[in-house]
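Subject: Structure handover

Hi,

Here is the structure you asked about. Please open it first, then read my notes below.

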Amino acid sequence: MFTSIINAVIALMTSLTTTASAANKVALALDNLATVAEQTSAGYVDEAKADREIAQLTRAAERAKKLKELQAQ
């Protein structure tokens, strides 16, 4: 009888250890996904900033060109 109780306790501990290990792997996978998402988002932010700067410089160049045309008239 004690042997079966001991075997049940060992089986319970094994299942708890296995469950904890699986939960840890899931947590690590989620952390990796969050890291990738964060880095991708940072890349999008940098790209958007560069696009805005290019657009701003383009508008400034167009305004300067129009001003020169007006002054030439």
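How many positive and how many negative side chains does the protein have, and how far apart do the centres of the two sets lie? There are 8 positive and 8 negative side chains. The two centres are 8 Å apart. Keep in mind that this is a predicted model.

Dimensions. Along the principal axes, the C-alpha atoms fill a box of roughly 110 × 10 × 5 Å. The radius of gyration is 32 Å, whereas a compact globule of 73 residues would have one near 11 Å. One pair of residues gives a sense of scale along the chain. Thr35 and Leu57 are 22 residues apart, and their C-alpha atoms are separated by 33 Å.

Surface. Of the 73 residues, 0% count as buried. The protein exposes about 6,600 Å². Carbon and sulfur atoms supply 65% of that area.

A nonpolar patch lies on the surface. Its members are Met1, Phe2, Ile5, Ile6, Val9, Ile10, Leu12, Met13 and Leu16. Together they have about 980 Å² of accessible area.

Two residues in detail. Met1, a member of that patch, counts as exposed because its relative accessibility is 77%, and the cut-off for exposed is over 50%. Thr35 is found in helix α1. Its relative accessibility is 32%, so Thr35 counts as partly exposed; that class runs between the 20% and 50% limits.

Best wishes

Terms used. Residues numbered from 1 in each chain as written. Predicted model: local features only at pLDDT ≥ 70, side-chain atom pairs only at ≥ 80, totals over all residues. Heavy atoms only, no water. Rg over C-alpha atoms; globule rule 2.2 N^0.38 Å. Buried < 20%, exposed > 50% of the residue type's maximum accessible area, 1.4 Å probe, protein only. Areas by Shrake-Rupley, 256 points an atom, 1.4 Å probe, with all protein chains shown as cover. Lys, Arg positive; Asp, Glu negative; His and termini not counted. Charge placed at Lys NZ, Arg CZ, Asp CG, Glu CD. Patch = residues over 30% accessible without salt bridge, like charges linked within 9 Å, V, L, I, M, F, W, Y side chains within 5 Å. Salt bridge = Lys/Arg side-chain N within 4 Å of Asp/Glu carboxyl O. Helix = DSSP H or I, 4+ residues; strand = E, 2+ residues; numbered from the N terminus.
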